[in-house]
Amino acid sequence: MRALVLVKVAWQSILRNTLRTLLTVLGIIIGVGAVIVMVAVGLGAKERIHQQIQNLGTNMIVLTAGAATQGGVSQGAQTFNRLTVADAEALRRESTLLAAVSPVIVAPGNVIGGAGNWRTHTQGVATDYQTIRDWPVSSGAFFDATDVRHARKVAVLGATVAKVLFPDQDPVGQEIQIRNVPFQVVGVLTAKGQTAGGSDQDDVVLAPYTTVQTRLAGRQFIPQILAATASPADIPAAMEEIRAIMREQHHLASWEEDDFTVRNQEDLAQAAERTTEVMTVLLAAIASISLLVGGIGIMNIMLVSVTERTREIGIRLAVGAHSRDVMIQFLVESTVLALIGGAIGVGAGFLSARVVARLTGWETVISPPTVVLALAFSAAVGIFFGFYPARKAANLNPIEALRYE
Amino acid sequence: MPALRGVDLTVKRGEFVAVMGASGSGKSTLMNILGCLDVPTEGTYDLDGERVNGLSRDALADIRNRKIGFVFQGFNLLPRTSAVENVELPLLYDRSRRPRSTRGLALEALARVGLADRAQHLPNELSGGQQQRVAIARALVTRPTLLLADEPTGNLDSRTSLEVMALFQELNQQGLTIVLVTHEPDIARYTHRIVGVRDGRVIRDVPLPERRDAAADLQSSQPVLEE
Ligand SMILES: Nc1ncnc2c1ncn2[C@@H]1O[C@H](COP(=O)(O)OP(=O)(O)O)[C@@H](O)[C@H]1O
Ligand SMILES: [Mg+2]
């Protein structure tokens, strides 16, 4: 039988019961809709993460304390902090591939000045930090090597801190107190926005690491040492070099594991993406269950249809239809049914993705391959769940089918 | 208990046979075997020089499609499907034919039964007699060797029955072999041969020398019915 005739017969049979059809394909609609939204949000999140990681600075390598955990990267879950300023200095001295190295000494505490006080993190860094993070100043200048060498009490404010403490004036040249030690503001950084994790990158005060180390009493830790290569091609070799220098620096025997972790931006992106995977898995579960329910709905309605049309099947068999013809007829019908659900689901998914984008401010990305895949999946559900009813129809005895009331 | 026992029957090309018998005597079972819808548990059946026994389900379907036309008591048209599409149905399952102009052949067959002007009507828009003529057109469209009609007039009034019999006689005169089941002697009178069945056995097989002409009877009865 010609394909067109088959589709036409299926279409007529479906049109006969519009409401029943809609109810039947509801599961498919929800399933496909969920898939479309899920992928749209997932792709949007991925894009956002990539932008943010890129925003951290180009060619950046991050060295953190603690070994990488099995199968993934531990984020700040160091068991014992063993990064030191000496490590950073050793890297700068001995490395041939690194264009820039800076320790990051974190000293949390109040900063007082201008309009009042603000609880933030003061970070002691080297001048290289600005290169590594690719972070220009919007006013004033970054402190220089002389400031670092002499441990001068100068500071560069993040955009958030500048706005809070000096809402109506340029902070450059003003004095602030960090943990009661006076610092002179020499520059203000441009705004970088939030990290992938959602924290404000601009809520920071930068000072020479030497100053933070020697002048600020109280709690300090070095969560990371940042480095950068001159070109992206050097990154893998540079990471190996860092490992070698760090192993020597930490006196690790050959049988001992690294007590630090070296990551590049790609690793960071993957780690961040892993957090969105949980949501993806959850939505995928909803989608699968909906498609399963939808498939069972289709199977149910097709069984009803086969029973209702027993006599029609008998007539077709009597005038010469092969079992396969009947089978294909009902498979086409269940597939068209599922595709209708799929198409409506794609439409619903589109709309939902837009609503989600509006409500949450997340980016959502609709990709044509997703739509094709969703429709292909619906068709597969139609064929899979339509198979049993179609086979039942195909195996009917023509005499009994003709006699069916 | 078998529905048929010891049936030995030969139908020649061009014959017009009436199978008669009480309800449950095995007439339909016999027709199903003749129509290759069923195969006998014992014995053999040759159709058009071909042994049918032992053929596969699909091979039997092909024989039904090409060599046999069925007409049923209950018409058995597809509902919500136009007359011409019903007639076209067997052509769609004909594997030997290219799918060219099946519609044209269906319209020709409808014209042969006098329903050319009803091609687009749905079965529920047609009278019983018209529905049965659509069914006959469907049986004819593949130009079968054998036309089988199981109580084709069972659901029709006497005048419409006469019209259907006139059509059968006309087709038979054009060379079509017809086997017809009926329990009405009035209907059997229009055939050439009567086969009587009881309890699954052939108890009578007689030629009918004095056949009546359905078309002529239709003419003569017209004034009476129109009164
Ligand atoms: N599917 C069936 N299962 C069991 N017995 C059947 C079946 N079909 C017909 N029969 C029996 O076979 C016999 C002949 O039936 P059938 O050929 O339909 O008779 P007729 O058409 O002459 O009224 C009857 O006794 C009937 O009860
Ligand atoms: Mg019967």
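Analyst: Helix 12 of chain A and helix 13 of chain A are roughly antiparallel to each other, because the angle between them in this predicted model is about 150 degrees and angles over 145 degrees count as roughly antiparallel. Helix 12 covers residues 323–360 and helix 13 covers residues 368–394, and their axes are 7 Å apart. In passing helix 13 of chain A, helix 12 of chain A makes a right-handed crossing.

A second pair is formed by helix 4 (residues 85–94) of chain A and helix 9 of chain A, which pack at an angle of about 130 degrees with their axes 10 Å apart. These two helices are therefore oblique to each other, and helix 4 of chain A likewise passes helix 9 of chain A in a right-handed crossing. On the side of helix 4, the residues that take part in the contact are A86(A), D87(A), A90(A), L91(A) and E94(A), and they meet I242(A), I245(A), M246(A) and Q249(A) in helix 9 of chain A.

Helix 9 of chain A runs over residues 235–249, and its 15 residues reach 20 Å from the first C-alpha to the last, which is close to the 21 Å expected at 1.5 Å a residue. Among the residues of helix 9 that meet helix 4, I242(A), I245(A) and M246(A) are buried; the buried residues of helix 9 also include I235(A), A238(A), M239(A), E241(A) and R247(A). Just after this helix, H251(A) takes a positive phi of about 50 degrees.

With a relative accessible area of 16%, N264(A) is buried, because the cut-off for buried is under 20%.

As for confidence, chain A averages a pLDDT of 86, and 93% of the residues score at least 70. Among the elements of chain A, the lowest mean pLDDT, 79, belongs to helix 1 (residues 3–15), whereas the highest, 96, belongs to helix 11 (residues 310–318). Over residues 70–79 of chain A the pLDDT is below 50, although this stretch has 12 contacts in the model beyond near neighbours in sequence. Where pLDDT is low, the predicted coordinates should not be read in detail.

Notes: Residues numbered from 1 in each chain as written. Chains lettered and ligands numbered in written order. Predicted model: local features only at pLDDT ≥ 70, side-chain atom pairs only at ≥ 80, totals over all residues. Heavy atoms only, no water. Helix = DSSP H or I, 4+ residues; strand = E, 2+ residues; numbered from the N terminus. Expected span 1.5 Å × (residues − 1). Buried < 20%, exposed > 50% of the residue type's maximum accessible area, 1.4 Å probe, protein only. pLDDT = per-residue confidence, 0-100. Contact = heavy atoms within 4.5 Å. Axes fitted to C-alpha atoms, helices over the stretch in contact; angles between N-to-C directions. Parallel < 35°, antiparallel > 145°, perpendicular 65-115°, else oblique. Left-handed = near helix turned anticlockwise from the far one by under 90°.
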